[in-house]
Amino acid sequence: MRIDILTVVPELLESPLGHSIVQRAKNKGLVEIHIHDIREYGKGNYHQVDDYSYGGDAGMILMIEPIYTLINKLKQEREYDEIIYMSPDGKTLDQPIANRLSCMENIMILCGHYKGIDHRIREHLITSEISIGDYVLSGGELAAAVVCDAVIRLIPGAISDETSALSDCFQDNLLSAPVYTRPANFNGWEVPKVLLSGNPKLIAQWQEEQSLERTARLRPDLLKKE
Ligand code: SAH
């Protein structure tokens with residue numbers, strides 16, 4: 001899988017995408033992430049990428065030309081399954097979206113900044129828009145990093161124990177069961193006995209019960225989903 005990210009602040013993406021499971025997936029050759037600085041395509045000596053908005057609202061808008069040039073250049077090099085714009089009014093990221101993206105070959109992610117981007121980019125170049133929640137960030141970079149993390153950990157081989165991604169929350173519209181590690185007794189706080197029983201059937205049954213109970217209590221809305 002290849003992910004191209006377009007941004008005016010590349011520095012914001014380096015650390016979130018340079019460690020842990022994401023970095024290991026890159027090392028294993030499971031994913032390539034290419035970060036493109038929109039400023040390199042900016043206008044004039046100053047590499048201008050933003051301008052005042054028509055209508056006089058406060059705040060700067062990312063201009064159409066630099067983004068258009070960069071997207072076109074990339075599209076000439078390969079076909080993209082999706083060209084995504086990170087936006088608070090996009091579809092809210094959830095596990096099914098992450099699952100779908102993880103099966104794709106090439107995706108492009110455009111990060112907005114300031115007051116947003118010239119709307120014509122969204123109308124003519126973008127194929128889908130994703131939000132990471134109902135709040136406004138300063139830029140799309142952290143949101144893009146969230147999408148990348150959620151997607152990359154699903155690529156087979158990214159997590160050493162492949163089944164562990166499937167037992168995570170939301171994969172069956174259920175929250176996951178609580179997890180514990182040694183010691184079995186800390187300050188008198190005990191690990192549930194069944195987990196020490198060594199009986200896989202009983203353990204699986206307990207985990208399922210816990211999943212259902214926690215979902216019904218904490219996220220009853222999930223049980224109503226398809
Ligand atoms: N004026 C815009 C917000 C601009 S915030 C509005 O009211 O909709 C600047 C950039 O941050 C946006 O262009 C977008 O790329 C990104 N962004 C902000 N909040 C986000 C969210 N919840 N999810 C994804 N991207 C977000």
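Which residues lie nearest the centre of the largest pocket?

1. Tyr52, Ser53, Tyr54, Ile61 and Asp118 do, out of 17 lining residues. A pocket is an open set of points on a 1 Å grid over the protein atoms alone, where a 1.4 Å probe fits and protein lies on both sides within 12 Å along at least five of seven lines; lining residues have an atom within 4 Å of a point.

2. This is a predicted model, in which local features need pLDDT of at least 70 and side-chain atom pairs pLDDT 80 or more, while totals for chains, interfaces and linings use all residues. Residues are numbered from 1 along each chain, and side-chain values use heavy atoms, without hydrogens or water.

3. At least two lining residues each come from strand 3 (50–52), strand 4 (60–62), helix 3 (64–77) and helix 5 (119–124). Helices (H or I, at least four residues) and strands (E, at least two) are DSSP runs numbered from the N terminus. By class, the lining has eight nonpolar, three polar and six charged residues.

4. The ligand is surrounded by 20 residues, each with a heavy atom within 4 Å of it. The closest are Tyr85, Met86, Gly112, Tyr135 and Leu137.

5. The distance to a polar backbone atom is 3.0 Å for Gly133 and 3.0 Å for Leu137. Of the ligand's own accessible area of 560 Å², the protein covers 85% (Shrake-Rupley method, 1.4 Å probe).

6. Strand 5 gives the most to the ligand shell, with four residues.

How values were computed
Polar contact = N/O pair within 3.5 Å; in protein donor to acceptor, adjacent residues only side chain to side chain. Nonpolar A, V, L, I, M, F, W, Y, C, P; charged D, E, K, R; others polar.
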